[in-house]
Amino acid sequence: MRQRVFESRNAVLRLFAATLAVSSLVLLIGIAGASAQSGTPAPDQGKAAAQPADAAAKDAAQNQRRTDEFAEAAQVINGPAGNPECVWLGRRVVRLMWRDDLDTAFRHLDLYDRFGCPGGHIQAAFRCLTRFGGQIDPKVAETLDSRVHACWINPASQPQQAAASASQAPAAPTTGNSQPQPAASPSPAASPTPAPQK
């Protein structure tokens, strides 16, 4: 009987010690937080107050830009590819494919298909984006986003360098029912002949 009393007393003491440890830890954290807040105000608090206003202005400008892009897509593209949900999901899929995040791109593509958006438009937009690969700066997200939007709006667009060189090349005359001849492939470079052995 005595042993049970001592065991229960030890259990109560252990429970009390654990409760005391947890409550003192909570008290220390509260005191540390209060002392950190009671220091002298930082000199940049005036700037910190201005930053939320700047952030709100940036968010409003970005929302307006997105709305304008959706309206532009609806005017330019006939059919479901111009619907806002198709524009948003489709551009996202193309961007994810460009960044090699194919798992996420396929999940978004399933959602894109579920909305009844045309899959061929994604193919054409990604094909267009690959033509502009050298002009996209990977460090600046805006270049990729603007190029993805431009390719979504007009998947047949060409880079300016290639378009300028194509317009400067003389067109081969065609006569009657003859089909245009394919461009001649460049001749392979001559391989050096081995030097005679001495």
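What is the mean pLDDT of the protein chain, and what percentage of its residues reach 70 or more? For this predicted model, the mean is 76, and 69% of the residues reach 70 or more. Confidence is lowest in helix 7 (residues 160-168), with a mean of 54, and highest in helix 3 (residues 84-98), where the mean is 94. Over residues 169-192 pLDDT stays under 50, and for this stretch the model has one contact beyond four places in sequence. Where pLDDT is low, the predicted coordinates should not be read in detail.

**Overall architecture**

The protein chain contains seven helices and zero strands, so that its pattern along the sequence reads α-α-α-α-α-α-α. Of its 198 residues, 19% are buried, and the accessible surface comes to about 15,300 Å², with 58% of that area belonging to carbon and sulfur atoms. Among contacts with a separation of 6 or more, 61% are accounted for by residues 24 or more positions apart.

**Disulfides**

The structure holds two disulfides, and, with bonded cysteines counted along the chain, they follow the pattern 1-2, 3-4.

| Disulfide | S to S distance | Torsion about S-S |
|---|---|---|
| Cys86 and Cys117 | 1.8 Å | about -80 degrees |
| Cys128 and Cys151 | 2.2 Å | -65 degrees |

The torsion of about -80 degrees makes the disulfide of Cys86 and Cys117 left-handed. This pair links distant parts of the chain, 31 residues apart, with Cys86 in helix 3 and Cys117 in the loop between helix 4 and helix 5 (119-131); both Cys86 and Cys117 are buried. The link of Cys128 and Cys151 is also left-handed, at -65 degrees about the S-S bond. Because Cys128 lies in helix 5 and Cys151 in helix 6, this pair ties together parts that are 23 residues apart in sequence, and both Cys128 and Cys151 are buried.

**Aromatic and charged side chains**

A search of the whole structure finds one aromatic pair. The ring centres of Tyr112 and Trp152 lie 6.3 Å apart and the ring planes stand at 85 degrees, so the pair is edge-to-face, given that planes over 60 degrees apart count as such. Since Tyr112 belongs to helix 4 (residues 102-114) and Trp152 to helix 6 (residues 141-153), the pair ties together parts that are 40 residues apart in sequence. Tyr112 and Trp152 are both buried.

A further side-chain arrangement involves Arg147, whose charged end sits over the ring of Phe132, 3.9 Å from the centre of that ring.

How values were computed
Residues are numbered from 1 along each chain as its sequence is written. This is a predicted model: local features need pLDDT of at least 70, side-chain atom pairs count only at pLDDT 80 or more; totals for chains, interfaces and linings use all residues. Side-chain values use heavy atoms; hydrogens and water are left out. Helices (H or I, at least four residues) and strands (E, at least two) are DSSP runs, numbered from the N terminus. Buried means under 20% relative accessible area, exposed over 50%, partly exposed in between (1.4 Å probe, protein chains only). Contact means heavy atoms within 4.5 Å. Accessible areas come from the Shrake-Rupley method with a 1.4 Å probe; for residues, only the protein chains shown count as cover. Rings of Phe, Tyr and Trp (its six-membered ring) pair if their centres lie within 6.5 Å; planes under 30 degrees apart count as stacked, over 60 as edge-to-face and the rest as tilted. A charge sits over a ring if NZ of Lys or CZ of Arg is within 6 Å of the ring centre and within 35 degrees of the ring normal. pLDDT is the predictor's confidence in each residue, from 0 to 100. A disulfide is a pair of cysteine sulfur atoms within 2.5 Å.
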